[in-house]
Amino acid sequence: MADQQTPPAGPDLSKGIPLSKFAGETLLGHVGNDEVVLVRSGSEIFAIGAHCSHYHGPLAEGLVTGEGIRCPWHHACFDLRTGEATRAPALNPIAVWKVEQEDDRIFVREKREQPRPQAKPATDVLGQIVIVGGGAAGFAAAEMLRRQDYRGSIVMLSNEAAAPVDRPNLSKDYLAGSAPEDWLPLRPDDFYAEAKIDLRLNTEVTSIDINARHVVTAGGETIPYDRLLLATGAEPVRLPIPGVDQPHVHVLRSLADSRAIIALADGAQRAAVIGASFIGLEAAASLRARNVEVHVVGLEQRPMERVLGPELGDFVRALHEEHGVIFHLGDTVTAIDGKRAMLKSGGAIEADIVVVGVGVRPRLGLAEKAGLAIDRGVAVDAYLETSVPGIYAAGDIARWPDPHSRGNIRVEHWVVAERQGQTAARNMLGQREPFDAVPFFWSQHYDVPINYAGHAEKWDEITVDGNIAGRDCLLQYKRNGRVLAVASIYRDVASLKAEVAMEKAMLL
């Protein structure tokens, strides 16, 4: 007997539905085997593919904002008319369908040819754009330059061994064994040649000559630029203790790092994770998924308290303990003697794997050497341009004037880096677009996602709506009555609405 496929959810839109059955903003249906979402925006009705092109999030559960829709999972945004992914982390468009109205019925029968992205004409910008960095910001900039129909040369210089990958996955699903490696590349290898992006891997840039307008590589090559984007990212902090150079001790930043930890996890009995923040605890959860016993050592008294506050920090600890993680908080590792991680408090942890996740440092050396203004990061203006005209910075190194927190901030989030790369690309083409996106990141712990929108380095009040222990909550981080950030668990639409509210507050 042939396998029976589960029919797509919702009504068959090709047969039409009465307008009276489409009362809300979105309605999930299907055309043949394709899931399609009807979206009402003002007086217009659109039909789009049902799933976000990032991690397949359900767009029917998202938030409609003007002529866009935002994914409930990781806040990507799509244009309802063209399907274009207008805001990272999604980079690929979604399908758009033709909507027909006959009397009081709506019909969706045929998919439209994917419209071209809405690109503003570049203002006499040709020449060569050089991008230093092969991470989120660098890739997003190169991709956006071509999406905006830039026809000049793009040279992308990366010190990584692999083409740009989806770095958040390295500590989450890929490390846990639930995502195959072929999901990791942000684009197939042939994309770069087809898009005429000259991607050079294993290439270290050693200096910038701001007068001659060229960069110099470690191999001695001189590469001229008309505009330059610095997206050098951050590097993991390496503990200055004996034994960290052993083959079973790893940081977690690159694809090579993640591969090495996975190779060690096969057959390992115990791991020591040094650091109780996001990378450390995501690595802990992923190693537990591989049935490795995990001990987490951290200086803090509560994991993640500095970012998420005490109550959510206690919840995160309890969640990991439910899954068998053993914490050693208020402690640190002073040496790694063979496979013994020696604790400052006395005693040791026998570990087949040691993962060091104690933070990262922005790679500022290139910018400092070139004489760019530095302020605990590369100082940029609202358009992400540095103190030297024609040189831009984006991602983990950039400190920019944030209109929501009303201060100059630097954050180390993947989505921020991607969005800054996209904005920098448009500004290198003369569009003069301020970077005003509300920072966003997500962290995954077993089956519990934590979404965070905004930026709150300090707060004087945390309000909790819902139940943290019940995994249904929205926390607001306030200072002087202003909401600076929100964290949520399974409150996706509330998180999106809070993000929109923060965007609107910038205009006041």
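Strands S14 and S15 form a hairpin, with four residues between the two strands. In the turn sits Arg213, whose phi is positive at about 60°. Keep in mind that this is a predicted model.

**The hairpin strands**
- S14 covers residues 205–209 and S15 covers residues 214–217.
- The two strands run antiparallel to each other and are joined by four bridges.
- To find the pairing on screen, look for Val205, which stands opposite Thr217 in S15.

**A six-stranded sheet**
- Six strands make up an open sheet, and their order is S1-S10-S9-S4-S3-S2.
- The pairing in this sheet is antiparallel.
- As a reminder, strands of a sheet pair through backbone hydrogen bonds, in either a parallel or an antiparallel way.
- The edges are taken by S1 (17–18) and S2 (26–31); each has a single partner strand, so one side of each is left without a neighbour in the sheet.
- Further in, S4 (residues 44–49) pairs with S9 (residues 96–102) in the antiparallel sense, over two bridges.
- Ile48 has Val96 in S9 as its bridge partner.

**A buried histidine**
- His320 belongs to helix H8, which spans residues 310–322.
- Is His320 buried or exposed? With a relative accessibility of 0%, His320 counts as buried, because the cut-off for that label is under 20%.
- Leaving aside residues up to four places away in sequence, His320 touches Leu281, Ala284, Ala285, Val325, Phe327, His445 and Tyr446.

**The whole protein**
- The protein contains 11 helices and 36 strands.
- Its radius of gyration is 24 Å, close to the 23 Å that the globule rule gives for 508 residues, so the protein is as compact as a globular protein of that length.
- Along the principal axes, the C-alpha atoms fill a box of roughly 80 × 60 × 60 Å.
- Of the 508 residues, 55% count as buried.
- Taking contacts between residues at least 6 apart in sequence, 57% join residues at least 24 apart.

**Surface and charge**
- The accessible surface of the protein is about 21800 Å², and carbon and sulfur atoms account for 48% of that area.
- There are 53 positive and 67 negative side chains in the protein.
- The centres of these two sets of charges lie 3 Å apart.

Technical notes: Residues are numbered from 1 along each chain as its sequence is written. This is a predicted model: local features need pLDDT of at least 70, side-chain atom pairs count only at pLDDT 80 or more; totals for chains, interfaces and linings use all residues. Side-chain values use heavy atoms; hydrogens and water are left out. The radius of gyration is taken over C-alpha atoms; the globule rule is 2.2 Å times the number of residues to the power 0.38. Buried means under 20% relative accessible area, exposed over 50%, partly exposed in between (1.4 Å probe, protein chains only). Contact means heavy atoms within 4.5 Å. Accessible areas come from the Shrake-Rupley method with a 1.4 Å probe; for residues, only the protein chains shown count as cover. Lys and Arg count as positive and Asp and Glu as negative; His and the chain ends are not counted. The place of a charge is taken as NZ of Lys, CZ of Arg, CG of Asp or CD of Glu. Two strands pair if DSSP finds at least two bridges between them.
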